[in-house]
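Subject: Handover of a model with two ligands

Dear colleague,

Please look at the model first and then compare it with the text.

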Amino acid sequence: MIKKQNSFKCDDMRPYVILNAAMTLDGKIATKTGSSEISGEEDLKRVHELRRDVDGIMVGINTVIADDPRLTVHKIPSKKQDNPIRVVVDNKARTPLNSRILSDDAETIIAITENSNEEDFKERHQKLEKVATIFLSGKKQINLKDLMEYLYIKGIKILMLEGGSTLNFSMIKEGLIDELRICIAPMVVGGHNSKTLFDGEGFDFMNEAINLDLIKNYRLGKDLILEYKVKK
Ligand SMILES: NC(=O)C1=CN([C@@H]2O[C@H](COP(=O)(O)OP(=O)(O)OC[C@H]3O[C@@H](n4cnc5c(N)ncnc54)[C@H](OP(=O)(O)O)[C@@H]3O)[C@@H](O)[C@H]2O)C=CC1
Ligand SMILES: Nc1nc(O)c(N)c(N[C@@H]2O[C@H](COP(=O)(O)O)[C@@H](O)[C@H]2O)n1
């Protein structure tokens, strides 16, 4: 159980953030059509043990729309209390009301902007308010640092980030990721439009890169697991 370990701490008023993802050898986290079943059975078990051990789990809205994830602990024996609080980063309140993430398996927090020019924004906001906890922040884009502070105050001390690639890049660029646990599957799918582990706007030069320390690597079934700490 990782909750009891002291190494999962950061100095700021924010959760310790672990990015977990599965990618193909060519760095893709989904194919060009959005198909994303990458991990082998053993890796999925590892992922669900991690979900059980964290306080919260966060994804971007495009992941909710593409995958309709549950984000619960359901691949290992578990109780309802094992499910982490689910968090969606969703500027324009686009989370579909029939999403599995809104099930009563756990609390769901949807972070949306304070205002949006989008048609029906207010109406969508009001509907979501009835089925989820709403966190308001930012004018056009969620302020991720404010969101992290809010989650910390809510009691989320360890947060698992489960993608997708746009949110992954924003989080690491803002210095909000502490650790990465990456499953590399022995597969190649190609495609210049296929999502990679980090997309977003990217950096211009190598000297801007985020540097990592490899702390652990091991085989798990057919897959390779790499664990890194982000150098501060
Ligand atoms: N293999 C794996 O391990 C995983 C694969 N995936 C795959 O990733 C793909 C989705 O990734 P992607 O399309 O990049 O989308 P994301 O899931 O990263 O969602 C990105 C969206 O989040 C919203 N957002 C709000 N605030 C921010 C912020 N501050 N920074 C960044 N984004 C913000 C924006 O949407 P808006 O402005 O509209 O609100 C943005 O377009 C899917 O195909 C999914 O299957 C996902 C997770 C894991
Ligand atoms: N670790 C991992 N391996 C894969 O192969 C994946 N496709 C993902 N995807 C993430 O898991 C979500 C689905 O979760 P549920 O099983 O529905 O709870 C998906 O949305 C991605 O965040 N992860």
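Predicted model: local features only at pLDDT ≥ 70, side-chain atom pairs only at ≥ 80, totals over all residues.

Residues are numbered from 1 along each chain as its sequence is written, and chains are lettered from A and ligands numbered from 1 in the order in which they are written.

Confidence and overall fold

The mean pLDDT (the predictor's confidence in each residue, from 0 to 100) is 95 for the protein, and 95% of its residues reach 70 or more. The scores for the model are ipTM 0.98 and pTM 0.96.

The protein has five helices and nine strands, where helices (H or I, at least four residues) and strands (E, at least two) are DSSP runs numbered from the N terminus. Along the sequence they follow the pattern β-α-β-α-β-β-α-β-α-β-α-β-β-β. The radius of gyration is 17 Å, close to the 17 Å that the globule rule gives for 232 residues, so the protein is as compact as a globular protein of that length; the radius is taken over C-alpha atoms, and the rule is 2.2 Å times the number of residues to the power 0.38. The C-alpha trace spans about 50 × 40 × 35 Å along its principal axes.

Of the 232 residues, 38% are buried, a term that requires 20 or more other C-beta atoms within 10 Å of the residue's own, whereas 12 or fewer make a residue exposed and the values in between partly exposed, with C-beta atoms placed from the backbone.

From the record, an unreviewed UniProt entry, comes the feature "domain: Bacterial bifunctional deaminase-reductase C-terminal" at residues 15-226; UniProt positions are given in the numbering used here, feature names are shortened, and annotations may be inferred rather than shown by experiment. Over residues 15-226 the chain is 23% helix and 25% strand, with its end C-alpha atoms 22 Å apart.

Strand S1

Strand S1 (residues 16-24) is largely enclosed by the rest of the structure, because seven of its nine residues are buried. Strands count as paired if DSSP finds at least two bridges between them. S1 runs parallel to strand S6 (residues 158-161), to which four bridges join it, and Tyr16 has Ile158 as its bridge partner in S6. S1 also runs parallel to strand S7 (residues 179-185), here with seven bridges, and the partner of Thr24 in S7 is Ala185.

The two ligand shells

Ligand 1 is surrounded by 31 residues, of which the closest are Gly60, Asn62, Asn91, Gly163 and Gly164; a residue is near a molecule if its C-beta atom, placed from the backbone, lies within 6 Å of it. S1, strand S2 (56-60), helix H2 and helix H5 (165-173) each supply at least two residues of this shell, and H2 gives the most, with five. The shell around ligand 1 divides into twelve nonpolar, twelve polar and seven charged residues, where Ala, Val, Leu, Ile, Met, Phe, Trp, Tyr, Cys and Pro count as nonpolar, Asp, Glu, Lys and Arg as charged, and the others, Gly among them, as polar.

Around ligand 2 there are 17 residues, the closest being Ala22, Ile38, Ser39, Asp67 and Pro69. S1 and helix H2 (61-67) each supply at least two residues of that shell, which divides into seven nonpolar, six polar and four charged residues.

Backbone details to check

Gly163 and Gly164 are joined by a cis peptide bond, with omega about 0 degrees, and Gly164 lies in the loop between S6 and H5.

Two residues other than glycine have a positive phi: Asp68, at about 45 degrees, and Ala93, near 55 degrees. Asp68 belongs to the loop between H2 and strand S3 (85-89) and counts as exposed because it has 12 C-beta neighbours inside 10 Å. Ala93, in the loop between S3 and strand S4 (108-112), is buried, since 24 other C-beta atoms lie within 10 Å.

With best regards
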